[in-house]
Amino acid sequence: MRSKEWWMMARKYVFLAIIERDKISGKYTVVFPDLPGCGIEGEDFIQAYYWAGPMLGFHLCMMDREHEHIPEASDTSGWEIAADAVVVPVAADLQEYGCMYGPKFARKAIGFPSWLFQLGKKGRPISAQDIREVLREKLGIDMLPENAHAN
């Protein structure tokens, strides 16, 4: 059985974005009129559009985490859109972004020499579980916090 939090994160959204070329810098900006504060900039149109999806996913995931209301996507009828701007649909799946930005794990890249993983016990390579156990022992952590598995 899956937790309530998983079900809440299994949502897909599509919002309209405006992509416009800045006349001074020449860069392209993406804004989501329905989501103040959600925007990104790219060197060209393709880069701006490419990063619009991850920006939308991250923004919605943070709103969801903070229990902020995620509005319904509106139509463009009330928007002021420059003649040279383009309106594009951008999709985000909160389940996908929740996995990346969810509170369960702090995502940190740690490099280990390959020979270390070959040293494993009983002929098997060292696993992530082995590393967690050693870190717990080294840091003196006897047990996980009560809510560590809640998410």
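How accessible is Lys-27: buried, partly exposed or exposed? Lys-27 comes out as partly exposed, at 26% relative accessibility. Keep in mind that this is a predicted model. Side chains of opposite charge can pair when their charged atoms come close, and the structure holds three salt bridges.

**Figure 1. Asp-84 pairs up with Lys-23 in a salt bridge.** Here the side chains of the two residues meet, with 3.3 Å from N to O. Asp-84 sits in the loop between α2 (45–65) and β4 (86–93), while Lys-23 sits in the loop between β1 (12–21) and β2 (28–31), so the pair ties together parts that are 61 residues apart in sequence. As for accessibility, Lys-23 counts as exposed at 66%, whereas Asp-84 is partly exposed, with a relative accessible area of 44%.

**Figure 2. Lys-27 reaches Glu-41 through a salt bridge.** The N to O distance in this one is 3.8 Å. Lys-27 belongs to the loop between β1 and β2 and Glu-41 to strand β3 (residues 39–42), which puts these linked, distant parts of the chain 14 residues apart. Glu-41 is partly exposed, with a relative accessible area of 44%.

**Figure 3. Lys-27 also makes a salt bridge with Glu-43.** This time the side chains meet at 3.4 Å, N to O. Glu-43 is found in the loop between β3 and α2, and Lys-27 in the loop between β1 and β2, 16 residues apart.

**Figure 4. Lys-27, Glu-41 and Glu-43 form one network.** Zoom in on the trio and you'll see what joins them: salt bridges that share partners.

Note on methods: Residues numbered from 1 in each chain as written. Predicted model: local features only at pLDDT ≥ 70, side-chain atom pairs only at ≥ 80, totals over all residues. Heavy atoms only, no water. Salt bridge = Lys/Arg side-chain N within 4 Å of Asp/Glu carboxyl O. Helix = DSSP H or I, 4+ residues; strand = E, 2+ residues; numbered from the N terminus. Buried < 20%, exposed > 50% of the residue type's maximum accessible area, 1.4 Å probe, protein only.
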